[in-house]
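Let's take a friendly walk through a protein model together. Have the sequence and the 3D view ready as you read.

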Amino acid sequence: MSVAVIGAGPSGIYSAEHLAMEYKVAVDVYDALPVPFGLVRYGVAPDHFSIRSVRDKLAQTFENPLVRFRGNVTIGQDLSVEELQEHYDAVIYTYGASLDRELGIPGEGHPMSIAATAFVRWYTGHPEATDFGDLISRASDVAVIGLGNVAVDVTRILVKPVSELEQTDIPLHVLDALSRSAVRRVHVVGRRGPQHATFTTKELKELGEIPGVDVIVDSKDLPTDFAQVTDSKIVARNLDVMAQWVKREAHSDKSIHFHFYSAPKSMDLERGVLIVDTMTLDDHDRLVATGEVREIPSQMVVRSIGYRGEGLPGLPFDHNTNVIPSTDSTIIGLENSYVAGWIKRGPSGIIGTNKKDAVSCVNTLVASRGESFTTSPNAIDQLLADRNIEVIDFAGWKRIDAREKELGNSRGKERTTIHDRGELIRIGQGL
Ligand code: NAP
């Protein structure tokens, strides 16, 4: 049996690992990018060294001769869903959720209002990223909307001293732009309270440990009795962290301000403000507007309100939930096709969540497909060659890996990310 996996992020690689190790099945892992690892490379913040190092473990999967990396191949453009169906016994879609979500408020279309997904792509060196160097050189106050871990990452990268980022693999042009940044204050804006935030304590706590940066929380926003508002240990620990911050004296020239119960209403970025409705909880714990409208200074806004999946031509897609519809990882309405990760469940959970999900998807696939069929993935290589697609294989990734390490080593660090797609492809092809 041979299986195609679409998306070389954690879900895809964990699926390939389980297929090859547990069931000795041959797997081709496709990605539209010339490099593997998905959000481990283009989502996890560069200063989170230990989470980023997961990539070394993921890379081992490609050392298995049963697993091939087929990078720089876009499904729906270079190969169709129908062609995959024809050439593989089964296909697992694990291409994640890469689009951003919009607030739908006036002023959101201003050039100084951007999506966190785009900002994360920029500082991680994604080949299709927009350059935000100019924007951060013009904004002293930035509002980051959302109370999740992505909002925390964006906030930290915006205020962290560049000296603390130099040892990371952030591309050199991004490091240079951050060193010219005008940002002094980041306003983290949430429509609900601190007990409703989805960030995890380790990530939250890091904000209070950035040298030269104060964290400001209004004591009025914290519940008086933590136990009464939550039975979650994570939430209780988050509230403890914030309660410590309330006691601190502010003395630095950079700061992070939390604005809870502040629902974005509109933006007037020409005037440099985000306008919010002040919210409160009613007797039934429902969020209601108090009628008070406030302005938060911000020349730039980053909306960090979650990721969103997109469909592929020829694949069923649920436009309400932005996922591929499935039952027990089996795609509804398409034969021999399976789904795992964010494009199945939506954008939530940590890397480990995707491992469990991938294993369960593969077990379902093997239970339903069972035997070998008559497919010929090698014919697909010919098809791609006939179409002049510059496929990057794992040997190609190793060349890119070696070049990034060389580039980093020359500056006394482990690695520097190469962000230019053409350059990645040239190196990958050994040119
Ligand atoms: P998230 O945790 O779902 O947070 C989204 C935030 O956006 C929530 O605070 C939500 O508030 C807010 N929001 C949504 N719609 C809004 C609106 N219309 N107006 C105002 N606020 C709105 O998503 P995320 O931060 O993008 O993270 C995605 C996943 O990646 C999560 O599972 C996260 O833990 C994971 N991740 C982990 C790490 C890490 O472990 N270091 C780093 C990055 C990401 P409501 O709750 O009120 O809807």
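The report below goes from domains to ligand, then to a helix and a loop residue.

**Two domains**

Keep in mind that this is a predicted model. The domain assignment of the chain gives two parts, domain 1 (2-98 + 309-391) and domain 2 (100-303). Notice how domain 1 is written as two stretches of the chain, 2-98 and 309-391. Taken over C-alpha atoms, the centres of domain 1 and domain 2 are 33 Å apart. Where the domains touch, eight residues come from domain 1 and 14 residues from domain 2. On the side of domain 1 that touches domain 2, four residues are nonpolar, two are polar and two are charged.

**Around the ligand**

Where does the ligand lie relative to domain 1 and domain 2? Both domains give residues to the shell around the ligand, so the ligand lies between them. That shell holds 26 residues, and the closest are Gly146, Leu147, Gly148, Val150 and Thr198. Helix 8 (residues 149-159) supplies the largest share, with four residues. The table sorts the shell by class.

| Class of residue | Number in the shell around the ligand |
|---|---|
| Nonpolar | ten residues |
| Polar | twelve residues |

Now find helix 12, which runs over residues 233-247 and has 15 residues. From its first C-alpha to its last, helix 12 reaches 22 Å, close to the 21 Å expected at 1.5 Å a residue. Which residues of helix 12 are buried? They are Asn238, Leu239, Met242 and Trp245. Seen down the axis of helix 12, these buried residues fall within an arc of 115°, so they line one face of the helix.

On the face turned away from the buried side, helix 12 carries the exposed residues Lys233 and Lys247.

**A residue in a loop**

Finally, look for Arg387, which sits in the loop between helix 15 (377-386) and helix 16 (394-409).

Methods:
Residues are numbered from 1 along each chain as its sequence is written. This is a predicted model: local features need pLDDT of at least 70, side-chain atom pairs count only at pLDDT 80 or more; totals for chains, interfaces and linings use all residues. A residue is near a molecule or strand if its C-beta atom, placed from the backbone, lies within 6 Å of it. Helices (H or I, at least four residues) and strands (E, at least two) are DSSP runs, numbered from the N terminus. Ala, Val, Leu, Ile, Met, Phe, Trp, Tyr, Cys and Pro count as nonpolar, Asp, Glu, Lys and Arg as charged, and the others, Gly among them, as polar. Domain bounds come from an automatic or database domain assignment. The expected span of a helix is 1.5 Å times one less than its number of residues. A residue is buried if 20 or more other C-beta atoms lie within 10 Å of its own, exposed if 12 or fewer, and partly exposed in between; C-beta atoms are placed from the backbone. The arc is that of the directions from the helix axis to the C-beta atoms. Two residues are in contact if their C-beta atoms, placed from the backbone, lie within 7 Å.
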